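Hi,

Here is the structure I promised to pass on. Have a look at it first, and my notes follow below.

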Amino acid sequence: MTEASKTKWVSRAAVPAHRQPNPRMLAEVAAGLSAPQKELPPKYFYDRRGSELFEEITRLPEYYPTRTERALLESWMPALISQLGSRTLVELGAGSAEKSRIILRAMRAAGAPGIYLPIDVSAGFLNETATRLRRDYPGLTVEPVVADIAEDFDLPHGLTHPVLYAFLGGTIGNFYPPAAIRLLGRVRAAMDPSDRFLMGVDLRKDVCRIEAAYNDSQGVTAAFNRNMLLVLNHELGSNFDPATFEHLAFYEPVTHRIEMHLVSTIDQEVRVPNIGLVSFVAGESIRTEISCKHDRRSVAELFTAAGLRIEAWRPDPGALFALVVGAAV
Ligand code: AVJ
């Protein structure tokens, strides 16, 4: 590979020399790229471009989770919110908060002006979301919280109860079970008896249907996957060439999960400042995401381990996706 092509991919204005890379990111990337199975956490998909690509994925014909969850929320939230009397909505991994609006509307219809605390790792995207919501919902208090829910973050305190904690989109599926239990345990610890936890889960089903959702014909998921390399180039000054990595997404039946990988198409060395040269042989991959698929029993196992119980389970008529309400045990 020519020197010219190697430098070509230091796009998006790589880290100016004076700016120190994020030490947590550096540590995670160093650990991930030196593991026997190279792996990087999916949170590094979500710079602005990554968040936009994900929004595009949610509109793809193959990607059923978002529209299925939205229909479930539309049909159930008015009744559920008036039953729970939720005054505050705390949402983990809020993103564009498009679906959260359905819950906020139901809170408003139930007479609660509502307080909304969206939590997300992408600060820029989150603040834009907050501005839009304040404009569209006069009187709604919006308090964005920039935090990485994959890490030991603090949930907000001193809230107006009943609080509804929401974790939508099936993003629980991105967590290996121990980490999923830690996250659910963190929510459980913040809940009082009148609070509830609402979670969206992608259900186990025909493997072809699941794999199609991560291998869309337009290649948007492939671009979303490769974008992680550009995020590393931008944040760490590395010189990954996304054109030399192929998108791979397959269903692993034993662990009931989608695995997404970036497969190097050539033998190559990638320079990552402060880490060194990372070598790849042709065919070697970086795992960039797992997306676990669940059923009622596997969710009950996670909930029980975290001190929660399933209070309500609502799958869509096609059993593609489900909403589950959890209460503290
Ligand atoms: C946003 C994490 C729920 O796992 O289905 C979409 C992200 N990855 N296409 C998922 C994703 C590939 C999505 N979540």
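A side-chain N or O atom of E289 sits 2.7 Å from a nitrogen atom of the ligand, which falls under my cut-off for a polar contact (a pair of N or O atoms within 3.5 Å; within protein, one must be able to donate a hydrogen and the other to accept it, and residues adjacent in sequence count only if both atoms are side-chain atoms). S291 has a side-chain N or O atom 2.8 Å from an oxygen atom of the ligand. For N174, a polar side-chain atom is 3.4 Å from a ligand oxygen atom.

How much of the ligand does the protein bury? On its own the ligand exposes 350 Å², and 96% of that is buried by the protein (Shrake-Rupley areas, 1.4 Å probe; for residues, only the protein chains shown count as cover).

Before you go further: this is a predicted model, where local features need pLDDT of at least 70 and side-chain atom pairs count only at pLDDT 80 or more, while totals for chains, interfaces and linings use all residues. Numbering starts from 1 along each chain as its sequence is written, and side-chain values use heavy atoms, with hydrogens and water left out.

The ligand is surrounded by 13 residues (each with a heavy atom within 4 Å of it), and the closest are Y63, N174, Y214, E289 and S291. Elements giving two or more residues to this shell are α3 (48–57) and β11 (285–292); helices (H or I, at least four residues) and strands (E, at least two) are DSSP runs numbered from the N terminus. By class, the shell has seven nonpolar, five polar and one charged residues (nonpolar: Ala, Val, Leu, Ile, Met, Phe, Trp, Tyr, Cys and Pro; charged: Asp, Glu, Lys and Arg; polar: the others, Gly among them).

Now the helix pairs. α3 and α9 (220–236) have axes that come within 9 Å and cross at roughly 160 degrees (axes are lines fitted to C-alpha atoms, for helices over the stretch in contact; angles run from 0 to 180 degrees between N-to-C directions). They are therefore roughly antiparallel (under 35 degrees is roughly parallel, over 145 roughly antiparallel, 65 to 115 roughly perpendicular, the rest oblique). Their crossing is left-handed (near helix turned anticlockwise from the far one by less than a right angle; clockwise is right-handed).

The axes of α2 (23–33) and α9 come within 11 Å and cross at roughly 130 degrees, so the two are oblique. α7 (177–190) and α10 (296–306) pack at about 55 degrees with axes 8 Å apart, and their crossing is right-handed.

Two backbone spots to check: H161 and P162 are joined by a cis peptide bond, with omega about 0 degrees, and P162 is in the loop between β4 (145–146) and β5 (163–167). H256, which is not a glycine, has a positive phi near 55 degrees.

Cheers
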